[in-house]
Structure formats: structure tokens, C-alpha cells
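This report is meant for someone meeting the structure for the first time.

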Amino acid sequence: MPEPKKPGPKKEAAPPAEEDEGRDELPEDEPVPGEEPQPAQITGLFVERPQSATAIKGKDITFVAKVDSSTLLRKPVMKWLKGKWMDLGSKAGKHLKFKETYDRNTKIYTYEMTIVKVVDGDAGGYRCEVTAKDKCDSCTFDITVEAVEEVQQTNILEAFKRSGDAGEDAGDLDFSGLLKKRERKKEEPTEPEVDVWEILKNAKPCDYEKIAFQYGITDLRGMLKRLKMMRKVEPKKSDAFIRKLEPAYSVEKGKKIVMSVELTDDNAQVKWLKNGQEIKPSAKYLFESIGGIRKLIINRSTLSDDAAYECVVGEEKCFTEVFVQEPPVTITKLLDDIHVVVGERVEFEVEVSEEGANVIWMKDGVELSRDGKYRFKKDGKKHWLIINEASKEDIGTYCVCTNGGQSKAELEVEDKELEVLQSIADLTVKAAEQAVFKCEVSDEKVTGRWFKDGVEVIPGKRIKMTHIGRVHKLTIDDVKPEDAGDYTFVPDGYALSLSAKLNFLEIKIDYVPRQDPPKIHLDTTGSMVSKNTIIVVAGNKLRLDVEITGEPAPTVCWRKGPIELSSAEGRVRVESRKNLSSFVIEGAERGDEGLYCITVTNPAGEDKADLNIRVVDVPDAPENVRCTGVGEDTASMLWDPPKFDGGAPIKGYLMERKKKGSSRWTKLNFDIYESTVYEAKKMIEGVFYEMRVFAVNGIGVSQPSATSKPFMPIAPTSEPTRLVVDDVTDNTCALKWLPPDRVGAGGVDGYIIEYCLEGGSEWVQANEVPVEKNMYRVRGLQVGEKYLFRVSAVNIAGRSPPAEIKQGVTIREITERPKIRLPRQLRTKFIKKVGEKVNLVIPFQGKPRPVVNWFKDGTPLDSSLANVRNSEVDSILFIRQATREHSGEYTLSVHIENMEDKATIEIQIVEKPGPPVAVTVTDVWGFNAALEWKPPKDNGNCDITGYTVQKADMKAKEWFTVYEHNRRPSCTVSDLVMGNEYTFRIFSENICGLSDDAGASKNTAVIAKTGLHYKPQPFKERDMSSSPKFITPLVDRSVVAGYNTAISCAVRGYPRPKIIWMKNKMIIGADPKFLMQNNQGVLTLNIRKPSLFDGGQYICKAVNELGEDQVECRLEVRVIKEKEKEEAKK
């Protein structure tokens, strides 16, 4: 296959070649057959990078990447990506093939990606990433697809197409089709034209629609009118008809049809026939006769009215055809692409224009049927396609079709990723020690294999492999030098590997015969912008290898400012080897910028070198994206540049918009837009939109900005109506108005009020913020002046035309006597409980604004006792938590100059009373006892309304109420039991309720016995313990899939047994599909909408400390086919 090459000034297709399968045996410096030598610079982990190439449509192409693993501790992992996120590894198959080889001599991994039979959708940007523990590297390349040779398109609009196949709005516009070289189309002999009108003229009316469809005529109404004009040329005379029926009538479903004829004889009788059957008058079919005109009216036409009609007068007839057109059902909410993992639930949702419309679901062009895998659901205008458990077989293009359109969406299903809970760690051991490699993965059922340097490890006496739960171990006893190497664990069924290195520790003693001063050999070529300056893109890896010489081996010290860098692990680290010191930054960040210094020392001397590292990145996202104005179908957008430009100048911006609630973004510009002000056009009025902006610099495109607040393209409202003056004072004027007649979808955000001196031209805005109410008082006006006022409505589109008061309003002082309008509930005593809040609103009137004062018991009200708020029309007295000291007479005084009005309010704050005192049993006779007590010391600031008396037997100590609402401080308690001793307690009561505490009697009442003695027999409690036993077993059932069902049984036992439900001998846990109920020993298992998977054996098991018991049944789930459903409906 051809290898990728750099595109030259002229695009040429890569020549086809055979795939090289012997790459492992080629020397390192010898190029691969069919591949041109690559002059690209080798940096990072890549020895050879894939290059951009031009592919011929329908041919194969191969890309090669080589990775040096000599410095890596474990096997690198390669990923091929398209665009930013699409992982091509999951797309492997007939179209994409991947190959991996390893050269043990050079320790170079070779990765190949082959695209079989290139198509237009393969064009675009690609990226390959290689990772190994904490090291990573990446590179990008592009693929351009050229067609072999195509015939020139007759319609130039067909050359404008979008990349991808997600829909007409998805992808970017591809204009490459206009630049392709095309041959001129050869003229083909044309067929003789057919006169369609002659065919229609001689055909029957029932064949009109078939002929129109055959010859591409879409305007049936225009076709019928032309046929009518053609037939008028040769009119036929009739003795019975002056005017016959039209040749055909076309009407929309649900509309009224009127067919009329005119007769020569006004008294003639007519018959109306439909498909040869006489029509009888009814509410649907109406007959009208006006002179010689006869009409047939069909109300609310349906599809059954699409038929042939006749009007019969004597022996003469006239015919017509009625066509009823069903309005097309359009799709109002399109399908969205869905990306899930295996086993997840998939729901495709679509919304159509008509309720109860029929839709057809298709997958890859094949209609789907309702079975156990696919479920269809509809609710009003919404339709759903549901896949309960997605699998790889469900990948494809799904389409929903109506008679008025269709919508497509892609379903992508990926395998579940295996999560690594604990990776393998590198080991360094000495001879005869034990080495244990250990890893832990998320799935305990996963098995795997161990490899050493690419060769599978075979267990033996020294080597043991174990798998316990989620933990996998490789144990090597009595480690020997030949055990050193790279060990890899590969889980079965997953594209994942965990690697670690086993280092064998040996002690060596080197003798240094001489000393040389240290020397730093710094390479100033390659990515250096200027001397000792390095530029690295943020997120990429920087590895700086510095060669060092000197004897004995010098000590290397890296510093950034005063901070010494000595860590051998982590993101920023220093790696040392013989005669080489490597400074590594994994995933460069902005904070890594600065001046770095390397110092090498040994006993013979010292050497230094300075390096300046500069990190560049994509810019931050633009900020504060906002809409500054809207029009009927436009919107003006403004945003702030990003705070950080990524170290490179901002080239411009890319804008996207979407409808509110939608997930599909539409690009507004394909060329970089340099300004921060943009006017979006071609939007729908009354629809909310949202917008976001990307910043672009020389490195790439930033993340999207925060979505702007929703805005709506809409025109301003009409002017407010009925603007009038409501009130005038010495320096204010109150205005009232009604909302505009035409508001529109944008609504009204508020109103702006302006005033102007009569005869002047300068309008002054009275309010800074638009007011929402339909009234406003303009303040700060001059006494004696005449003013003009106007009010404008404001919404997101701007101000409406103003409503004006054209006659001047004179500002003058008006005096009105003060008057307090005391509410009815405050004219009597106002009672509140302790702790409640008091909020009294007392309106008053008077002009100019009266002076308000509050008094309590004749003295000015203390502000610490209550809060007072006064306005122009009322005064509010507020007490947050009332206490008894707030009780008293409150007086409100309002006065204007020498005029005054007062109102008095009596407030009483009450609480529960205290307990009665001195409760005494004064006399006992027979079965009666007399009680007396004194009223409580604290009556709760109100009258005592009664007492509640309770008695208690000294043995049982249970209290029973004897009297409630007893008004006197004494009572007689009767019906006491002989031989018992009684004590009494009494609660006092007022309007707040009973007292919290009770007054207890000081003495007791003893009812003397008459000599009887009762000796009860001892009570023996029965033992109710028993082991569980099912008294009603489970019964086998056969149910229909998709309908809720339940199975039940009954059990008894004491203590109450624990119930366990099992399906196929597996315990049913907290599965939301199953609902387990236990009602007085009746056990029920509810199964929500069972599927074929829910069939099987169900067991109910009851267990307590005395034993256990179980019952079982079998549940069969049946799927009703479409034919059976139709027969059931019939």
C-alpha cells in the first residue's frame, strides 16, 4: 500500500503498492519499500511521524509511525484519533486496519494504520498519540481525498456539499468539488417529447393522479384548471344541464367541499351518487336547491370522501372526481446523535406536527419491527425508539420517516472500558530475592496473560501466577540476572496493557584513573528560536537531553531561579544517565516558563549554561458574550477578548449559535472574524437563540466561551395605551397607562417615562431602570410649570413609539384634610399570643404628605419596642415577637399644618395561664370526693375561662379527664372505685389554651373497701414461636412482554421471617425493575414491564432463627406478534 507523503504544489494520488509484511527484518537505516525518505525532525518519543498525504477515492492508503522504546520502562500505548476526540481504535474492521510490530534489536515499535477503499468522509485532520507511564507525545497529519475522474455536474449547486453525513446543517462546507478537473459531458440522443396534456385529455379522471406522478407534475390544482380550459374549447350541449360539475375537485382533509350544477328546469329532481351508491342527506352530506342551482355540500372531508361523484337528472348524468389531500406530517424536532457504551439504554426522540401520526423507524435503510429488542412509544406529538441494552450490532444510521419528511441520527456504541485500580510498579531486586508484580482491575471476572519482553510467561517452579478476585499477581522466586526485563499484563478481550520493568541490582566498583574538568555540550539547533531559547506548546512534552563530559562523572544541578530541580519522578523531573542529563516536562504549563540553569561540577572544575523556556498555548475562551441589540431577524453581539492570548497574538474569532433547548450548534463564519462586534443574521423572529465564541491564535482554537444569555430577534412593541394623569402634587405627578396593543413574543421588560417643559424640546428621562408596573410618579418637578409627559415600552428589541400627553400638566400644591381609615378588625381589641408577630397596616389620606406620629399609653412610641414604617398613603406598625409588655393603647396621629386626625388601637398580648394553687380534697363519702382550689397567680393577661380536672389511681398512675371547662374553683368527682386511692390534678384554661403545668392535690382520696377480697389466677403466656411455613405457594404463570405482572404467596412464622426473592437461584437485589412487598405475611413480587430476559424460575425463601422454607414457580414471558395483535383487536 502507498505510504503517506507530504503534499507538493500539485496534488497527486499515491501510487498503489504491496503491503510490507517483513518490516521486522529490515535494517534500521533502510527505508521501507514504497515509502519515500522522511526529512521530518525526530523529537520526543517518535522516531518517524506520519505525514499528510493525498489519497485517491476508492484506493488504499497506509500511514506509519515509529516509536523509540529504549528509554521507556514499559510498552508504549498508541492511539489513532480523527479530529479531536474520535478514537479510531473502536472503528477497526473492513475499512480501518491496524498493525503493530516490534524490533528487539533497535527497540523500535512500528505502528501502521491502513484505510481500505478511501471515501470522501475520510478526508480531514488526524492525530496519533503515544503514551508510556508518565511520558507522552503526539503528532498531527491531514488526508485529502481526490476522485479519479468524474463527469462534470450539470447543476453547480451540487458541488457545494458538507463533510460528514449527519445532516444538512452538520459539518463544514466542502468546496473542493468545484476545483476538480472535469471532462465535458457528451451529448446523448434525446428521446422524443411526449405530450402529457393529450394523454390527460383522453384519460379517465380516476387516472389523473397516476399520470401526474409518472410525468413529475406536482401542482394538481393547476393541472385540473388547465384541463378545464382545454375542454371548454369543445363544449357539449345538454338538455338537462346549463352548467355541469367541474371535472375534478381538490380539497384538504378536514375542509368543506361544495359541488354545484345548474339545471334548465328549476323544478327538476336530482340524485347524487358516490361510487355508484346514492347519497342520503345527513349532517355530513347537505343538499341545497336555489332556483335551478343544485349543491352537494360535504362537511369535514375525510380520506373516505376521495371518490367519484355523479349528479343524475332523468337520464342525463355529469361526473366529477374529488381528491382529498392529507396534510403532510412534518418533523418539528429532529433526532440527535447518541453515543453510549455497551449495555446502556438508548432512546431516540422525535416530535412531529400532528398528534397520533404514524411514523416508520428504519436502521440502515431497513424498516424496524416491534420485537423484544426494539420498542416503539408515542405520546401525543412525541415518538420514541427505545433499545433497552445497546450492543455493537446496534451501531448504524437510524431514520424516522413521515409522509412529510425524515430525520436521521447516528448511534455509536463503544465497549466498556476496563478501569485500572492499581497498576504494576517497577521493581529493583537483588540476586536470590523475590519479585512480585501486582495489579488490580475493576472487573473480577477478567482473565489475562503475562509477557516478558513480548514473550508469554510460562509458570514454573520459580514463577507463579495467581488471580484472586480483581487482583492479578506474578511472583518470581530466587531472582536471577536473566529475569530482568519488561513485564506486561494484558487483560483478555480489552485493548489495554500494563507494563513494568524488573531491574537486577549489581554492585560495581569503577576505578577513575584521571580527572577532566566538566563540560556542557549544549545543542543550539532544532526548535531553538534564538540562542538558548526553547518554545514548547502547552500540553506537549519537553525533553531536553544535554551531553556532559568530565572525569570523574560530574554532579549535575538544574535550577529554576533559586529553586533546585532534583526530582526523578513527577511531571517536571531530571533523568540522569552516563554522560547525559535529561530535563523533562510532561504536559507543559504556563507556570513552566522562565530561565533555567544547569550547573555541572566535579573535583576538576565547574561549568554552567542558561536556558530560557517559553510555553505557548491556545488562548483562553472569550468572555462576557452578550447581545447588545436585536432586530426583526438580526442580533448584535459583543464580547471581550480572552484574558490570556496563549503567548501568541489573537488572529480572530469563530462564532456559533443554536436555538435554546437544542444541542446542535451552527457555525456562523468559516473565515476568521477579527472584530469583537458581530451582527448575526437570518434568524427566526420570536425564537430564543444562544451564542458562543472561540478565539484563534497561531497555536489553535480555544475552548468555547460561556454561552450567552438567551436572546430573541424581535421588533419593538407598539406604544402604550390610555396614558392619563392620576395625581398631581407640588413637585410630583403620578401617571397611569395600559400595556401596548401589540406586544409580540418578546414581551415587555418595562417602561421608560420622560418629561419635558411645555414649549421645550429637551426630554428628560425620569427613571434610570425600566419600571414593570403600569404606573409611575415623576418627582422633582417645579411648582407652577407646565410639563408634557410620554411613556415608551421596552423589551429586548428596544423602545417602542412613545405614548404622549399632548396637553400640558400644571404642577401645583393641593391641600386635602388628613383622614385615617382604620380597618374594621382594629376597631375592637386586637389580641395576639406571645411570640407571634404583629403587623398593622393603617391607611390614611391627605395632601401634601401628612406627618405621622405613634404614641403608646399617651407617650411617644419607643423605637426599640416596635418598628414603624410610613409611606404617603399608609403607616405600618411591626412587632417581630410580641411580649406582654407590648400590651396597651396605641394612638396614630396624622396632621397637616393645623389639621389633625387620630385613631386609637388597643393591643392585648396574651399567653397560657399558670396552674391553679392550693388544690385540696375537702371531703370523701361513698364513691365521691369533693375538691377545692384557688385561681392561678398568673392568668396569662386575660380572663380564666375554665378548668380541666383529672384523676389517677395510685396503682396504675394513669390520668383520666373528669371535667372540662369547669368554671367554678370547686367540683365533686363521682363513680370512684371502691378500695382504690386517688390523686387529682387541675389545669387552668384561657383563650390561649390549657396551662403547661397542673396543680396537684396536696392529699388523696381513699375509697374504703367493704370486706371483699379477690384472688386472680396466675396468667400463663402462650409460646407463639414457630418456623416459617408457606400456606399459599407460588403458581406458574405465562405473561405478555411489556405488561406489568406480579407473583404472590403467603407465609407464616414467628419471629417474623426474613424474605429472600431469587431468580434462577440468584438473589434479586435493589433492582428498580422489581418491587417486593410484604403485607401481613402476603408476599408479592411486582415485575415492571417484563421482557424475554425476565423469564425463568423464581424462588421465594423465608428464614428465621427456628428454620426456613421456600416455594418456587416458573414465569414464561411471551411476545405477541403483529398478526396476533390484529386478530385480538378484531
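How many residues lie between strand 42 and strand 43 in their hairpin, and which residue in the turn has a positive phi? The hairpin of strand 42 and strand 43 has 2 residues between the strands, and G561 in the turn has a positive phi of about 65°.

## Basis of the model

This is a predicted model, in which local features need pLDDT of at least 70 and side-chain atom pairs count only at pLDDT 80 or more, while totals for chains, interfaces and linings use all residues. Residues are numbered from 1 along each chain as its sequence is written, and side-chain values use heavy atoms, with hydrogens and water left out.

The strands named here are DSSP runs (E, at least two residues; helices are H or I, at least four residues), numbered from the N terminus, and two strands are said to pair if DSSP finds at least two bridges between them. Strands of a sheet pair through backbone hydrogen bonds, either parallel or antiparallel.

Strand 42 (residues 555-560) runs antiparallel to strand 46 (residues 594-602), to which 6 bridges join it, and within strand 46 it is T599 that stands opposite C557. Strand 42 is also joined by 3 bridges to strand 43 (residues 563-565), again in the antiparallel sense, and here R559 has E564 of strand 43 as its bridge partner.

Strand 81 pairs with strand 88 (residues 1107-1118) in the parallel sense over 4 bridges, and V1039 has V1117 in strand 88 as its bridge partner.

## Aromatic pairs and charges over rings

The structure holds 16 aromatic pairs, where rings of Phe, Tyr and Trp (for Trp, the six-membered ring) pair if their centres lie within 6.5 Å, and where planes under 30 degrees apart count as stacked, over 60 as edge-to-face and the rest as tilted. One of the pairs is Y109 with Y111, which counts as stacked because the ring centres are 6.3 Å apart and the planes are at 20°. Another is Y126 with F141, likewise stacked, because the centres are 5.7 Å apart and the planes are at 10°. This second pair links distant parts of the chain, with Y126 in strand 8 (residues 124-132) and F141 in strand 9 (residues 135-146), 15 residues apart. Both Y126 and F141 are buried, where buried means under 20% relative accessible area, exposed over 50% and partly exposed in between (1.4 Å probe, protein chains only). Together with F63 and W80, the residues Y126 and F141 form one aromatic cluster.

A charge sits over a ring if NZ of Lys or CZ of Arg is within 6 Å of the ring centre and within 35 degrees of the ring normal. The charged end of K660 sits over the ring of F688, 5.4 Å from its centre, and R692 lies over the face of W665, at 4.1 Å from the ring centre.

## The largest nonpolar core

A nonpolar core is a set of buried Ala, Val, Leu, Ile, Met, Phe, Trp, Tyr and Cys residues joined through side-chain atoms within 4.5 Å. The largest such core has 26 residues, of which F46, F63, M78, W80, M113 and I115 touch the most other members. Strand 2 (53-56), strand 3 (61-68), strand 4 (77-82), strand 7 (108-115), strand 8 and strand 9 are the elements that give two or more residues to this core.

Contact means heavy atoms within 4.5 Å. Leaving aside neighbours within four places in sequence, M113 is in contact with several residues, including F63, W80, Y126 and F141.

K274 belongs to strand 15 (residues 271-274) and is buried, with a relative accessible area of 19%. The side chain of K274 reaches the backbone oxygen of S304 at 3.1 Å.

K681 lies in the loop between strand 52 (677-680) and strand 53 (689-697). K681 and T634 are 47 residues apart in sequence, yet 4.5 Å apart in space, C-alpha to C-alpha. S353, in the loop between strand 23 (346-352) and strand 24 (360-363), is partly exposed, with a relative accessible area of 22%.

Notes:
A polar contact is a pair of N or O atoms within 3.5 Å; within protein, one must be able to donate a hydrogen and the other to accept it, and residues adjacent in sequence count only if both atoms are side-chain atoms.
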